[in-house]
Amino acid sequence: MKETPLSNCERDFLLKAIEEKKRLDGRQTYDYRKIKIKFGTDYGCCFVDLGLTRVMAQVSGELVAPKESRPNEGIMFFNIELSPMAAPTFEQGRQSELSVKLNRQLERCLRNSKCIDTESLCVVSGEKVWQIRVDVHMLNHDGNLMDAASIAAITALCHFRRPDVSIQGDEVTVYSPEERDPIPLSIYHMPISVSFSFFQQGTYLLVDPCEREERVMDGLLMIAMNKHREICSIQSSGGIMLLKEQVMRCSKIASVKVSEITELVVKALENDKKARKAGEKCGFAESLPQERITALKVGKTPVEVMDVTEQANDIVQKAEVSPQTVPSPLVPVPGVGQVGQGQQTTWGLEEEEEEEEEVDQEEEEESDDSTEQDKKVTKMEEEDSRGDVVEISDSEEEEVVILHPETADKALKNTGSSLHQKGAAPSKQKRKK
Amino acid sequence: MDSALRERVGQVLLPGDEFCCDTDGIISLSETVRPEKVLCGPGLRRSGDRLLVCKSGVLRHKEPNVFWIDSQQWRYVPVKGETVIGVVAAKSGDVFKVDFGGSEQASLTYLSFEGATKRNRPNVQVGDLVFAQFIVANKDMEPELTCMDSSGRANGMGVFGGGGLLFRVSLGLVRRLLSPGSELRSDLEKLLPCELVVGMNGRVWTRAADVQKTLVLANLLQSCDTMSCSQRRQLFSRVRQGAL
């Protein structure tokens, strides 16, 4: 589907708000949104919520032949799926630019940093190694997919257990989970990526941009780090020029954030381990509490209302051009409502009465009841056609062609069919100026 | 059937519920038979002599004989005569393509603005916000918008929007905001002086005295979507105390 265009007024407002250090959801410049980590019933399945952005990662493993260049190392395979479930602009199956970018970033973050000991994945050198496959699915896109994907991927890898293998001479036995407990992967460190978005040519910086902030940003800097303050990957996109001090500052902020997020991940893993040990039912089905309506339910949004301290008088005095805010529609004459101020009309005034009636009718009915309105509009238009020749405007066009609808069959209740009839055979009447 | 419907006003109905015309087997010969006419609004559909419910929601009633289902929805389906907020997506010759959040973009000619002629074109750029109403909106044709009413006056419609914030809410909240005598609107008036443009496609534009207040207002409206009346009053009073 085509992307909804971002209006100029939204863009201007967002940039103005960022200049005043205000974000849409009331966060501070360096604040992350609420992160929630849940696990599925299988080992290696993990859901991560970053505000409204939702991501699921699933790790699986199978025995394959190793690469010829590296006969005693296991294989890691990463895949990020962008489905239309996340955003209507994503197309299933098509390798969009964003999808390629995310895939490359995740690979560099996890594979090149050597966070997993691939040599421990080797079973028989040159013949059988474990291929560990990480699939990340985007469930909802509200900005900052990269961070959510990296947290989900590394948490799922830590959570995953592979089947136990024993070698006796030439025989290789793979034990099922019932026979022997599966063993975890050996992970050296946990690289987590932190995204920084830049605005106004690098003047303003925001951590963890939401979707609307992403649409107005100039560029993005992604730093992947672990809690030992080692940078695993760093990437700048969008073509912005960054100063050395800015990059250093970002890396310091990233180290703080990464240590917080790593704590959260470790705690989540521990809780899950305890729950499984205690024999409690754990996993996706259990993590959703029952008998509660969760659709249309929105979490508490922390909104800063502390600075809104001016009195109404002050506001009125300080405002430069405060338009007349009419709280309710003006009623100049009973039965006529006026919203806003139109210009002086140059149209003929004979039609005023009928038009007032029409406005009156339309205001009375609830906007829900389209069928009723439809019929009233038909009646009004019929009355119009019976009027005399009226001077329409001083336009320089020679003749004005006015299309009149046929009288709709009032017995029909369905809106669809009556509209169709109207469109079918309009009658034309020419009126000279 | 009228009486059967009146009984269920205010109850939650699900698709599949139906109302039959002849509920009583006894026809009174002495009383005059008044033909009862029931006007079905959104969510109700007539099929033969039965009335079927096709959306889940609460049944509402308005005198004399109008019934409809009040359902909660986010996706907008264009309806003729409704005013919406659209974003101008493209300009091709004489026609603007406007995105209003539906399945396709609507077309808006430059002549359907007040006082527009071939030589006096309106100043509309790509990315502007327009407040317009539908003149053609059915499932077989491309939707068309206009920025003037049938007498040629703008009546509040047209291009707008410098300095404010546009955000999305559910269609139910929009209807509640626009209904006459809306409590939500009166509570909002007492809280913050602001400008508000409400489109029936779920888009709301707001502008208050400064950026902070505009953000507060946007967040308030988005969160009171799912609140009951008393919760909303509590929230507004908390905001008022935080402010003053």
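Predicted model: local features only at pLDDT ≥ 70, side-chain atom pairs only at ≥ 80, totals over all residues.

Reader: Okay, where does A:Ile75 sit?

Author: A:Ile75 belongs to strand β4 of chain A, residues 75-82.

Reader: And what is A:Ile75 in contact with, leaving aside its neighbours within four places in sequence?

Author: There are two runs of residues to look at. A:Val64, A:Ala65, A:Pro66 and A:Lys67 are in contact with A:Ile75, and so are A:Val129, A:Trp130, A:Gln131 and A:Ile132.

Reader: Is A:Cys115 buried or exposed?

Author: Buried, with 1% relative accessible area.

Reader: Switching to helices. How do α2 and α3 of chain A cross?

Author: Helix α2(A), residues 97-110, and helix α3(A), residues 145-159, have axes that come within 10 Å and cross at roughly 45 degrees. The two are therefore oblique to each other, and the crossing is right-handed.

Reader: Which residues make the contact?

Author: From α2(A) you get A:Leu98, A:Leu102, A:Gln105, A:Leu106 and A:Leu110. On the α3(A) side, the residues include A:Leu145, A:Met146, A:Ala149, A:Ala153 and A:Leu157.

Reader: What about α3(A) and α5(A), at what angle do they pack?

Author: About 35 degrees, with the axes 11 Å apart; α5(A) covers residues 244-277. That crossing is right-handed. A:Ile151, A:Thr155, A:Cys158 and A:His159 of α3(A) make the contact with A:Ile261, A:Val265, A:Leu269, A:Asp272 and A:Arg276 of α5(A).

Reader: Now across the chains. How do α1(A) and α4(B) cross?

Author: Their axes come within 10 Å and cross at roughly 120 degrees, where α1(A) is residues 8-19. The crossing is left-handed. A:Phe13, A:Lys16 and A:Ala17 of α1(A) meet B:Val211, B:Thr214 and B:Leu215 of α4(B).

Reader: Let's stay on B:Thr214. Buried or exposed?

Author: B:Thr214 is buried, at 1% relative accessibility. It is found in α4 of chain B, residues 211-223. A polar atom of the B:Thr214 side chain lies 2.7 Å from the backbone oxygen of B:Asp210.

Reader: What else is B:Thr214 in contact with, leaving aside its neighbours within four places in sequence?

Author: A:Phe13 from the other chain, plus B:Leu165, B:Thr206, B:Arg207 and B:Ala208.

Reader: Which residues of α2 in chain B are buried?

Author: In α2(B), residues 171-178, the buried ones are B:Leu171, B:Gly172, B:Leu173, B:Val174 and B:Leu177. What covers them includes α3 (183-191), β15 (194-198), β16 (203-208) and α4 of chain B.

Reader: Now a loop. Where does B:Glu63 lie?

Author: Between β6 (57-62) and β7 (66-70) of chain B. B:Glu63 counts as exposed, at 55% relative accessibility. Its side chain makes a polar contact of 3.3 Å with that of B:His61.

Reader: Zooming out, what does the secondary structure of chain A come to?

Author: 10 helices and 18 strands. Chain A has 433 residues, 40% of them buried. Among its contacts with a separation of 6 or more, 69% are between residues 24 or more positions apart.

Reader: And the secondary structure of chain B?

Author: Five helices and 16 strands. Of the 244 residues in chain B, 47% count as buried. For contacts in chain B between residues at least 6 apart in sequence, 63% join residues at least 24 apart. The C-alpha atoms of chain B fill a box of roughly 70 × 55 × 30 Å along the principal axes.

Methods. Residues numbered from 1 in each chain as written. Chains lettered and ligands numbered in written order. Heavy atoms only, no water. Buried < 20%, exposed > 50% of the residue type's maximum accessible area, 1.4 Å probe, protein only. Helix = DSSP H or I, 4+ residues; strand = E, 2+ residues; numbered from the N terminus. Polar contact = N/O pair within 3.5 Å; in protein donor to acceptor, adjacent residues only side chain to side chain. Contact = heavy atoms within 4.5 Å. Axes fitted to C-alpha atoms, helices over the stretch in contact; angles between N-to-C directions. Parallel < 35°, antiparallel > 145°, perpendicular 65-115°, else oblique. Left-handed = near helix turned anticlockwise from the far one by under 90°.
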